[in-house]
Amino acid sequence: MRGLMACLTGLGFLAGSAIGQITTGQILGVVLDPSGAPVNGAAASVRSLDTNATKKASTGEDGRFLFPHLPVGSYELTIEHTGFSPYVQGPIVLRLNQDADLRVRLELAGNVEKIVVREDAPLINTTDAEVGVNFDTKRIAELPMATNRNVLSLSLSAAGVSQLQTGQGSNVLGGGSVPLAVNGMRVRSNNFMVDGQDSNVVGSTGELLPINNPDVLSEFRLVTNQFTAQYGGAAGSVVNVITKSGTNQFHGSAFWFHNDNHLNSRSNLDKQQLSQSPFRTENQFGGTLGGPVIHDKTFFFLSAQRWTDRRLGSGVTIRGVPTADGQSLLRSIAGTRPTVQALLDFLPPAQQALPGVTAPVQVSGNRFTIPLGILTGSSNISFNDWQWSGRIDHRFSDRHSLGFRYLGDDQVNSGDGQVTPPGLSLVTSRSAQSFSTFLTSGFSARLFNELRLSYGRLANVSDGLDPRSKQIPSIEINELGLRGTTASPTRTALGLAFNQPNISFLNNYQLQDTVSLVHGPHVLKFGLDFRNHRSIGRTLRGFRGTLVYATLDDFVNDTANSGSISSPLPGGETSSHYDYRD
């Protein structure tokens, strides 16, 4: 079916398997009598210590019990059977995708009034071969993060994870994403999920919606090997993020993160030009609030973050720019030529002359020598970002619960990109939204279902900060060190980059359903995952053209080595439209 990918997973009769538990965990175990024989018909129940939600089951002939699709959090397990003392264990801290496998041994009634065990479940995974690491709220709060506070930077502390691979850079990813090369795979080979929802940028890959507020997360799990069947779409790793929900107790947080030039050292490039660290003032502040709407029934969680960054951006140094005297000479001998006019209008004179470095130019049979020097640009960079989230969870009964979650991120970055020559930096706006609703149902003690509907949207717009930069084509003069066609901080050519302006929109639609059927010691689980990715890109590229000159003399006499233009036919459009469906 065009535009629709259906992924059907069906695995049956796998004891304790975690298939389909992308956003939850499960508590399972076996109940034994004092002699070690299984206890049939024992009443088992688990109660959430955060919301008082309770689920009940009974043991089978083999003494086993299972509570699937449990949200992460703290639980208390109770086992009761006629002739035995009640057994209570907790708090059991259930982690994301964890199978808390317990071994319960009852005592005869009369020997003890009640057995109370204050012990957590063992962390050893005994149910599948999946290799991964969990980052709970404690690790997220205590481990050091990158300066942008993207929570996924913690993944770099896991075994087999590096930030970059040879020949790859972070610019291959979507805006704001953390480059992860896992077990030798490419940085593009990762699958990002938020609350089970697909959160990938089609085409460039990377996170659709970065999260820079660690207080929003309940936990995230990085799976690096032996992926179970519910995962797909990547060969490197699976990053599964779970957001916080409200509880019966009001809880919240407030934070302020500050960074400035007094807390930073100079880069090697800055040391050549500056006597102290360049100006910078960065602030991230915000908070969270969660709690009950209706005690034991409805819960909310909200968050907001404001992030601003003002800094001086230093550009690369060009060794070969005409000095002020050189520009005066060019103006006098060929100032009326369009090429020379463009050079004089868009390339400032060198800041420092290079003794003995010149470029020969021949005009009307006369030969001239143009003195050259060094030019280094700078730019005032301004970054503004709002991130927010909201979540509502409602429990209809012990069998049915419904939840809604929304995440938003709006950012504008101005003055970044190419700095030398000046006037060619970009202004980029990025807006991302993510919505998911999920219904969890327990139709009986043996039949469970989880339904999820999700939508994600990303809009990217980038253009030149100075409108004048679009008045001329992209011009490269190799002798002067003016090189580069596409937008990059290392580009030094004249005119706005060939691939700018750029506009793109991405819409992700997703339907997921997972059914779990318990039969004795076996669990039959199967599910559906339908995804529709629609991407539209409008790149106003090429209609201004590109020109490449080998020397200044070729430029003055307008003898280009190569050139190209993608001008539309009469009546045509200057933009290209792409509709990508997978």
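**Close-up views of a predicted model**

**View 1. Strand 21 and its partner strand 22.** Aspartate 393 stands opposite glycine 403 in strand 22. Strands here are DSSP runs of E with at least two residues, numbered from the N terminus. Strand 21 and strand 22 (residues 400-416) run antiparallel and are joined by 14 bridges. Two strands count as paired if DSSP finds at least two bridges between them. The two form a hairpin with 4 residues between them.

This is a predicted model: local features need pLDDT of at least 70, side-chain atom pairs count only at pLDDT 80 or more, and totals for chains, interfaces and linings use all residues. Residues are numbered from 1 along each chain as its sequence is written, and side-chain values use heavy atoms, with hydrogens and water left out.

**View 2. Strand 21 with strands 19 and 20.** Strand 19 (residues 298-322) pairs with strand 21 (residues 366-395) in the antiparallel sense over 22 bridges. Glycine 313 has serine 379 of strand 21 as its bridge partner. Strand 20 (residues 352-363) also pairs antiparallel with strand 21, over 8 bridges. Threonine 358 stands opposite proline 371 in strand 21. In the hairpin of strands 20 and 21, with 2 residues between the strands, serine 364 takes a positive phi near 55°.

View 3. Strand 25 pairs with strand 28 (residues 546-549) in the parallel sense over 4 bridges. Glutamate 476 has valine 548 in strand 28 as its bridge partner.
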